[in-house]
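Here's a quick briefing to read alongside the model. Have the viewer open and follow the topics one at a time.

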Amino acid sequence: MGKDLIIVESPAKVKTIKKFLGGNYTVHASVGHVRDLPTSELGVDEANGFAPRYQVIDGKQKVVSALKEAAAKADNVYLAPDPDREGEAIAWHVAELIRDKNTNIQRIQFNEITARAVKEALENPRELNRNLFDAQQARRVLDRLVGYKLSPLLWKKVKRGISAGRVQSVALRLIVDRETERRAFNPEEYWLFRAHLAGATPPPFRADLHKLHGKKPAIGSAADAAAVEAAMQGQPFVITGIDEKERQRQPQPPFITSTLQQSASQRLGYSAKRTMNIAQRLYEGVELGEAGTVALITYMRTDSVRIADEARDAAREFIAATWGDDHLPAKARQFKTKGGAQDAHEAIRPVDVSVTPDSVRHLLPPDQFQLYRLVWQRFVASQMAAARFHDTTVTIACGPVEWRAKGERLLFPGFLAASPQKEAQDGEEVAEGDLPKLSVGEELTALSVEKEQKFTQPPARYTEASLVRELEERGIGRPSTYAAIISTLLDRDYARLEEKHFAPTDLGAVVCDLLAGHFTTLMDVDFTAQMEGSLDKVAEGELDWVKLLEDFTGGFNPVLERAAQAMDTVKGGLPSGIDCELCGKPMVIKFGKAGTFLACSGYPACRNTKNFTRDEKGNIQVEQKLREEPEKVGTCPQCGGDLVLKKARTGSRFIACTKYPDCTYTAPFSTGVPCPREGCEGVLVEKSSKRGKIFYSCSAYPKCDYALWDWPVPGPCPDCNSPLLVIKNTRARGRHIACPEKTCKYSRDLDEDGGGEE
């Protein structure tokens with residue numbers, strides 16, 4: 001009798017699951033997708049039912065061979081990729097590849113990686129779900145058709161190497177439309193008044209102007225503000241009303257993918273991609289000392305706030321034991337999932353509520369600890385009693401001006417005992433504290449009255465948190481796609497993060513405008529949301545995936561043909577409104593490999609170029625920089641000229657010959673530190689990403705792909721013998737020496753080494 005085989009997605013899961021099972025099972029990983037459409041051609045036969053032509057992904061041949069070999073030796077094969085459409089697709093493709101070795105194939109899935117969940121899944125296997133696979137296949141083919149047909153058009157009209165995507169282009173439109181609103185916005189002046197008052201009982205308190213002559217104040221100029229001051233001149237501040245009431249604040253539901261990404265962005269400053277990577281590790285299992293590999297949270301791609309009954313019961317028991325029965329609501333809370341959500345599995349929660357964040361803090365890296373604490377606190381709080389507050393609103397008259405002061409006092413913490421962060425929710429304002437004892441008719445002492453000129457602000461640019469919220473609310477994309485959408489916009493240089501807010505680049509704006517001008521339906525937010533609904537119907541067996549694609553291409557293909565003829569080309573550059581100071585010809589905006597710049601339209605006779613930025617209104621601001629003498633660093637080995645240190649547009653330094661363009665010799669800027677890879681003879685050199693982030697990689701690339709983000713210094717590490725160390729710069733410690741190995745905690749002060757190049 002042979003062993004049964006379990007195939008999961010991730011190698012990290014292999015270790016976690018092996019711990020639960022006896023010797024009758026072997027566990028292998030597919031390491032993500034094993035089969036996909038070809039990269040060098042469309043790979044979809046539109047004339048024959050959109051039949052996809054799948055092939056084994058480059059580099060996965062060894063993985064597939066290992067899976068086939070293991071399947072041939074097994075009695076039964078259980079496919080256990082993640083419990084969503086993407087996981088179903090991976091399972092389907094694995095099944096197709098191993099079916100000639102073993103036909104006893106079934107699908108299992110679990111929302112948490114625990115002994116109970118895995119064993120329960122093995123006791124209740126099912127057949128592969130064709131509808132779920134077809135839904136994922138329809139999305140993949142749909143995105144391939146759009147991307148593969150639109151991208152060459154953009155290469156021809158805008159710039160080679162850029163891309164368009166069905167969902168990413170709509171997300172880009174949200175960012176571009178918001179920027180258009182901001183640039184069209186005209187600020188309006190208004191004035192705020194604050195009074196600092198004192199009653200018979202301390203302490204003093206603040207009141208804000210609430211009404212003027214019984215109406216909402218419209219103080220739009222200095223003259224209006226002076227008129228308010230004149231109306232109050234010599235008038236006493238008298239309390240005309242005191243309203244006291246008790247208010248309850250209810251906890252929020254446990255996290256779903258979008259709310260986890262939003263909260264991690266707001267509280268921890270994590271990007272959506274970073275949040276999902278950390279959550280993936282917490283889901284698959286982390287090392288917890290003597291306990292071994294333990295999964296800490298449930299599956300992190302979900303749009304359902306539902307939780308299992310046993311998880312809810314465990315939370316209530318923990319709450320009662322930790323804070324007392326008074327911190328439990330009379331009835332266990334059940335949250336309603338939004339309409340349109342798939343509700344395939346639970347909300348994101350801790351696997352075991354008794355594993356508190358503090359109990360594992362010393363065993364987890366800081367980012368994993370912080371995200372686990374966020375998930376744990378939100379889940380526990382969601383099952384606790386409401387917090388109760390005593391709210392006081394005091395109305396004060398001073399002539400025709402009505403003032404209002406608000407205060408709150410916490411009566412009972414409820415869920416705040418588990419999740420103490422004091423943050424506003426659903427638009428409510430967080431009060432400053434309790435007010436002193438006051439009475440109606442009491443005359444107050446005005447300590448000071450302040451006025452402040454303000455101006456209305458344009459709509460805020462999207463942050464990662466607010467963009468994810470907008471995508472979710474509009475039905476664009478799905479939980480598994482939010483992070484990828486954002487990463488694609490940044491990687492394609494269609495948008496940049498400026499102080500954590502998305503600003504469209506000139507390239508992003510022109511691509512958006514061209515697509516919106518010709519592909520009205522494709523770029524329509526409502527159409528994109530409707531397409532998500534159609535894909536849901538395919539998953540539920542209510543719509544044929546081929547019919548969905550026929551309907552889409554019936555409208556898309558004719559529009560594509562017309563756009564190929566009618567779409568304007570911008571390869572010659574966009575007008576800038578600026579003339580070249582060298583020859584007088586117009587400067588144009590060009591899209592280069594390293595970003596956008598101004599170039600003279602008289603090229604090649606005039607080679608004048610300039611960097612530029614845009615102000616809040618979108619006006620071009622030319623960067624005027626004094627020419628500095630470059631630092632000489634040696635002699636050119638090709639022509640004998642001087643070598644100087646230069647800086648690329650993306651920020652990294654490099655060495656070039658001063659006799660360019662007659663001599664084209666260049667070399668990367670070397671750190672002088674040998675590559676630590678065994679057998680590699682390269683050295684680490686300075687490079688920069690498309691987004692301008694500096695990193696250090698091996699000079700032998702692509703033969704050697706070693707790279708790291710921090711400036712390297714020669715080792716070895718005294719703790720783990722790593723051949724090199726790095727200079728890190730953290731908020732808590734500043735610049736210091738540390739080991740780059742994640743499992744090693746070695747560090748020392750920088751001054752022990754006398755500094756570094758960096």
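Two strands count as paired here if DSSP finds at least two bridges between them. Keep in mind that this is a predicted model. With that cut-off, strand β11 (residues 237–249) and strand β16 (residues 443–455) make the list, pairing in the antiparallel sense over two bridges.

**Strand pairing around β11**
- On the β16 side, phenylalanine 237 has leucine 444 as its bridge partner.
- β11 also runs antiparallel to strand β14 (residues 387–398), and 11 bridges join the two.

- As a rule, nonpolar side chains in soluble globular proteins tend to be buried together.
- In this model the largest nonpolar core takes in 156 residues, and Leu79, Phe110, Leu150, Val158, Ile297, Val510 and Phe519 have the most contacts inside it.

**A look at phenylalanine 110**
- Which residues does phenylalanine 110 touch, leaving aside its neighbours within four places in sequence? Its contacts are Ile17, Ala80, Pro83, Ala117, Val118, Ala121 and Tyr283.

**The annotated Toprim span**
- An unreviewed UniProt entry places the feature "domain: Toprim" at residues 3–113.
- In the model, residues 3–113 are 32% helix and 22% strand.
- The end C-alpha atoms of that span sit 21 Å apart.

Definitions and conventions
Residues numbered from 1 in each chain as written. Predicted model: local features only at pLDDT ≥ 70, side-chain atom pairs only at ≥ 80, totals over all residues. Heavy atoms only, no water. Helix = DSSP H or I, 4+ residues; strand = E, 2+ residues; numbered from the N terminus. Core = buried A, V, L, I, M, F, W, Y, C linked by side-chain atoms within 4.5 Å. Buried < 20%, exposed > 50% of the residue type's maximum accessible area, 1.4 Å probe, protein only. Contact = heavy atoms within 4.5 Å. UniProt positions renumbered as here; feature names shortened; annotations may be inferred.
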